[in-house]
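Please keep the model in view while working through the numbered points.

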Amino acid sequence: MKKTARRTFRFFKHSYLIILFAVTVGAIYLLFPKQVKFKYEFQKGKPWRHETLYAPFSFGINKPDLQIKSQQDSVRKQFVPYFKLDESKARNQINLFSSYFDQAWSKTYNNQRSDQTVIKKNYQNLLEQIYKAGILEQSVEFHPELKDKDSLVCIRGSFAEEVPVKNIYSLRTAYATFSDILSKSKNNQFGSQELKEALLLNQFLTPNLHYDFIKSNQVFQDQLNSVSTTQGMVQSGERVISRGDVVTDSNYQVLQSLKISYEKGIGHNIKYSTIMLGQILFITLCIGVLYLYIFQFRKYYLRERKNIISIMLSVIITIFFACLVIRTNFISLSIVPFTILAIIIRTFFDSRTAVFVYLITLLLVGFFAPNSYEFILEQTLAGFVAVVSIDRIYRRSHLLWTSVSVVLTYSIVFFSVTIIQEGNISAIPWTHFKWILANGILVTACYPLIYIFEKAFGFVSDVTLIELSDTNNRLLRKLAEKAPGTFQHSIQVANIAEEAIRVVGGNTFLMRAGALYHDIGKTEDPQYFIENQSINENPHDKLSYEKSAKVVVKHVSDGVKIARKNKLPEKIIDFIRTHHGTSKTEYFYRKYLIDHPGAKVDVNSFSYPGPNPTGKELSVLMLADSVEAASRSLPVKDEKTLRNLIDQLFTQKINEGQLKNSALTFGDITAVKEVFLEKLINIYHVRIEYPEEQ
């Protein structure tokens, strides 16, 4: 019964892993393109290593992308834009001119001339002629749609005709033309100069020719669509390529055409339920292998749900952007900064996990990525370089150099693979390097992403640890003001512990930050701790041993409260909570035993609540804290006494079981002892005595 209960409890305890596994598989499946996968891999310039391939169905041979682009560019260059002529504007302006002309004529001639109708008609004909040609609002050079164009299509009602651009007026050229005709005309054709000046002809000129975006775009798209993307056909059963044949430019294009037609389901029956089953099995296997790695080699990641959730979310987001780029089909997949995934996992976890997660993600993306072999080869090498080159991210220059390394790796791999396939440097598509450069620029976006992940999941980056270690930090300044002795003790512990963790292997930034904050709880009652007390003034003299022990033990819980109130990371709070483990306040405990011989003692009244430290950093802090504090009370501080003290305290911690959950080996403990001894000797070095001045 008990065994069944334990199994049930264990199942529900880890049920979130099962749910997360199912959600991850489902999310990735939804992102996967729902199409069949061409089962043959091939490379230009390499032999066809599969069996002789016959066309399973008839299909068209696609033109190379460069050829299609060239033909489309030709269509774009030869395209004539459409402009719509608004005939109503000409009628309205001519009617307005007629009314204004009669007034101007009366003022000028006072009805003394009889040719008013003829002259008025001349003006109207000239206006009509200019409006019929068409007036643009600005000059042709200010219309981007007319750049490098010799003509345009003018739409007049239901009719359209192509007219030369040079015959089109702008407001400026229309008025200039009008003025030029008037200046060269005879007096009896357009009246006197006085009449010409009185008419103010520029106010009757307005644009009547406007760019028709909808019609132009419709015609342009029709012309683009008319460009054939195929050049010939391969009939069903026709041999495509024989085993051992080299994949040349011509048969490479045929193979690519077959692959595209096959994956689109052209020419053969597709059972989408079968595709779904295959994709789910493949995704389940990949994510299952990732889970097995964590269970087998990184089981401690399972202690916090955020670890597994962040890893799976990172994988899903990376695959999402890869699918998005592939579906857009107008930018290269090389622009997607896959190495960001490796960098983020490396920042918050470890190198091996970063590489493993990265490779699993590449396998999933490579399943539907074009040119899968080149893709996985290129991305794998770039990811390895990123993980190796970015051991720590605490300076912006580190990320910059990683970005440069990634760009160089991509460039070298692409260059080498291309010349192997093409056999000619001139055939390299140099424009592809712009995508690689863009990828490198996007890698630098990892810096804000790390901050987002840090805040979203409660992780702690090296940058945050460095900020926390600044002694001008508000919380540390408060410790220095209220408990100066404790502050100095914390700095000494940080110096000792940081050097020790560097020797045995660990996060030095985490070690230093944790050491600086481990006694932050002493700011509540600093006078109860010996390092902050004045001479001949000890408040413990007025308390019982039990109460004194309670006050001293309380600095751990106070420290946790202060840390949570100031939103310190959980990793720092772990140092506060575990730096005494479950040990006893030895001084008050022993004094109680001396004063109460034979009495029954409650050990819990003199013990810290714990828990015991886990991991190297927490264990080293416990040892450094006890050694540094105890060394202050030694009457003689030489190598012998310090070594004896260190050996005694280490043995005591081990015998009490304080290090039972520690990751320290016997070799690590020996190395830590030597570091502690060296640092304490440097701290308490004996200085020579200066002779008195005579």
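1. F297 is partly exposed, at 47% relative accessibility, in a model that is predicted. Its ring pairs with that of Y293, and the pair is tilted, with 5.8 Å centre to centre and 40 degrees between the planes. Y293, by contrast, is buried, with a relative accessible area of 4%. Because the two residues are four apart in helix α11 (residues 272–297), about one helical turn separates Y293 from F297.

2. How many aromatic pairs does the structure hold? The count is 29. One of them joins F57 and F59 in an edge-to-face arrangement, with 6.2 Å centre to centre and 70 degrees between the planes. Both partners are buried: F57 has a relative accessible area of 4%, and F59 is at 2% relative accessibility. Elsewhere, ring pairs connect Y300, Y301, F348, F349, F453, F457 and F459 into a cluster.

3. Charged side chains also lie over rings. R305 is placed over the face of Y16, 4.6 Å from the ring centre. K584 lies over the face of Y589, at 5.4 Å from the ring centre.

4. Is strand β5 (residues 151–156) enclosed or open? Six of its six residues are buried, so the strand is largely enclosed by the rest of the structure. The cover extends to both faces: S151, V153 and I155 are buried on one side, and L152, C154 and R156 on the other.

5. The neighbours of β5 deserve attention. Strand β3 (residues 82–85) pairs with β5 in the parallel sense over three bridges, and Y82 stands opposite V153. Strand β6 (residues 159–164) runs antiparallel to β5 and is joined to it by six bridges. In β6, A160 is the bridge partner of I155. The strands β5 and β6 form a hairpin with two residues between them, and G157 in the turn has a positive phi of about 65 degrees.

6. Helix α13 (residues 339–348) is likewise largely enclosed by the rest of the structure, because nine of its ten residues are buried. The buried residues of α13 are T339, I340, L341, A342, I343, I344, I345, R346 and F348. F348 also belongs to the ring cluster of point 2.

7. Which residues touch the most other members of the largest nonpolar core? They are I28, I308, I319, F338 and L364, in a core of 67 residues. Helix α12 (residues 305–328) contributes the largest share of this core, nine residues. Another core, of 56 residues, lies apart from it and has I573, L618, M622 and L634 among its members.

8. F338 may be examined individually. Leaving aside residues up to four places away in sequence, F338 touches T318, A322, L333, Y358, L362, V365, F375 and Q379.

9. The last point concerns S583, in the loop between α24 (570–578) and α25 (586–595). Is S583 buried or exposed? At 5% relative accessibility it counts as buried, because the limit for that class is under 20%. A polar atom of the S583 side chain lies 2.6 Å from the backbone oxygen of H580. Beyond residues up to four places away in sequence, S583 touches F606, S607, Y608, K653, E656 and Q658.

How values were computed. Residues numbered from 1 in each chain as written. Predicted model: local features only at pLDDT ≥ 70, side-chain atom pairs only at ≥ 80, totals over all residues. Heavy atoms only, no water. Buried < 20%, exposed > 50% of the residue type's maximum accessible area, 1.4 Å probe, protein only. Polar contact = N/O pair within 3.5 Å; in protein donor to acceptor, adjacent residues only side chain to side chain. Contact = heavy atoms within 4.5 Å. Phe/Tyr/Trp six-rings, centres within 6.5 Å; stacked < 30°, edge-to-face > 60°. Lys NZ or Arg CZ within 6 Å of the ring centre and 35° of its normal. Core = buried A, V, L, I, M, F, W, Y, C linked by side-chain atoms within 4.5 Å. Pairing = 2+ DSSP bridges.
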